Amino acid sequence: MTNTSAFFTLMLLATGATLNLQAWAHGDEVHAEAAPAVRTVNNPQRLPDGRVLLPKEAQYRLSVRTQLASESSVAKSIELNGHVVMDPNRGGQLQASSDGRIKAPENGLPALGSMVSKGQILAWVVPTVSAYELAQQQADLAETNSKLTLARQNLQRLQQLVNSVPGKEIQAAEAEVMALRGRSAALATVSNGEAMRSPIDGVLAALNVSNGQVVTASDVLFSVIAPDGMQIEALAYDPALVSSLAGATYQGVKLSYLGGALVLRDGALPLRFAPTQPLPLALGQTVRLIAQTSEVNTGVVLPASSVVKNSANESVVWLHEQALVFRAVVVQPEALDGNNVLVKQIPPGSRVVTQGASLLNQIR
């Protein structure tokens with residue numbers, strides 16, 4: 001009996017020890033699983049359904065800002081490709097009327113980008129002639145100057161005999177002097193060449209010559225433009241835009257619409273815009289502007305920074321769905337200007353992330 005009692009006592013102790021070990025092991029497993037859950041709640045993560053869990057502390061660190069979406073009506077906008085051109089009334093190009101050789105003026109050729117005044121001689125274009133033709137021109141000039149000297153002497157002699165000679169002889173002598181003087185000036189001008197004079201007060205935008213260079217009549221030698229003489233020419237492929245445009249913007253600066261052509265150029269209609277304030281532009285620069293039409297669109301206006309690209313290269317905005325949860329919504333934004341866009345896929349009253357959307361988009 002004693003042996004049987006001892007056996008059962010040992011069995012009970014062994015069974016209790018086994019149960020205690022199992023209980024401790026189970027406790028360790030629960031503890032190991034609970035720890036990551038606590039850490040996960042305090043860290044940003046992407047949920048299985050694509051939403052993002054972002055604790056308040058992380059929202060503050062990432063500077064996430066939101067705004068309530070409100071429906072509004074704005075002018076319909078369209079993106080246009082264009083390039084910078086010269087205002088025809090505020091600039092000009094200088095071309096020689098005939099072939100010749102460049103000759104610098106007394107003060108030398110002006111520096112590129114320097115200010116020039118209207119009528120200033122930028123260069124001379126001396127005609128390229130043979131030695132025989134040059135000698136013939138010089139001979140004609142010398143002969144004309146000799147005749148001019150004799151005509152002046154004859155006029156002075158007749159004027160001293162004003163009471164003795166008929167008045168018509170004096171008038172004829174005066175006319176001869178004037179004619180020879182004009183011929184002499186013309187021959188001298190041909191010898192010096194054609195003067196390239198600045199058409200306006202402005203900046204020397206292009207300098208395509210050097211001293212002694214041979215140029216042709218079709219070469220553009222100089223371009224002079226006023227500091228505010230830049231315009232933007234855009235291309236439209238819809239004739240209705242010519243009469244429906246109300247204005248445009250480029251880099252957040254408003255452009256006034258000057259008008260458009262009614263004749264196609266390479267399949268498109270040129271449209272002209274003028275900046276309402278100075279812009280850093282260069283002639284020939286390619287630009288993309290946003291033009292506003294007279295049509296009206298309805299939707300939610302958001303900052304352009306609210307729209308980001310997801311992994312499928314779709315445009316999305318992030319909605320603050322719950323206190324710690326954000327959800328991405330695919331949208332089709334329409335540019336309004338350089339700073340804002342219009343979306344129609346968001347219901348009014350939604351809280352949209354306007355700052356920090358790109359950081360939310362990177363959470364995995």
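Which residues is Asn 361 in contact with, leaving aside its neighbours within four places in sequence? In this predicted model, residues are numbered from 1 along each chain as its sequence is written, local features need pLDDT of at least 70, side-chain atom pairs count only at pLDDT 80 or more, and totals for chains, interfaces and linings use all residues. Side-chain values use heavy atoms, with hydrogens and water left out.

Asn 361 lies in the segment that follows helix H6 (357–360). With its neighbours within four places in sequence set aside, Asn 361 is in contact with Arg 46, Val 308, Lys 309, Asn 310, Val 316 and Trp 318, where contact means heavy atoms within 4.5 Å. The relative accessible area of Asn 361 is 13%, and the residue is buried; buried means under 20% relative accessible area, exposed over 50% and partly exposed in between, with a 1.4 Å probe and protein chains only.

The chain as a whole contains six helices and 23 strands. Helices (H or I, at least four residues) and strands (E, at least two) are DSSP runs, numbered from the N terminus. Of the 364 residues in the chain, 32% are buried. The accessible surface comes to about 21,700 Å², and 54% of it belongs to carbon and sulfur atoms; such areas come from the Shrake-Rupley method with a 1.4 Å probe, and for residues only the protein chains shown count as cover. Among the contacts in the chain with a separation of 6 or more, 74% are between residues 24 or more positions apart.

The largest nonpolar core has 24 residues, and those with the most contacts inside it are Tyr 250, Leu 255, Leu 271, Phe 273 and Leu 289. A nonpolar core is a set of buried Ala, Val, Leu, Ile, Met, Phe, Trp, Tyr and Cys residues joined through side-chain atoms within 4.5 Å. Elements giving two or more residues to this core include strand S4 (71–86), helix H5 (241–244) and strand S17 (286–303), while the largest share, four residues, comes from S13. Not counting residues up to four places away in sequence, Tyr 250 touches Ile 232, Leu 255, Leu 279, Leu 281, Gln 285, Val 287, Arg 288 and Leu 289. A second, separate core of 16 residues includes Ala 123, Leu 204, Phe 222 and Ala 226.

One aromatic pair is found in a search of the whole structure. The ring centres of Tyr 257 and Phe 273 are 5.3 Å apart and the planes are at 40°, so the pair is tilted. The pair links distant parts of the chain, with Tyr 257 in strand S15 and Phe 273 in strand S16, 16 residues apart. Rings of Phe, Tyr and Trp (its six-membered ring) pair if their centres lie within 6.5 Å; planes under 30 degrees apart count as stacked, over 60 as edge-to-face and the rest as tilted. Both Tyr 257 and Phe 273 are buried.

Two strands pair if DSSP finds at least two bridges between them. Four bridges join S10 (residues 202–207) to S12 (residues 220–225), and Val 203 stands opposite Ile 225 in S12. Another open sheet of four strands has the order S9-S8-S6-S11, again with antiparallel pairing.
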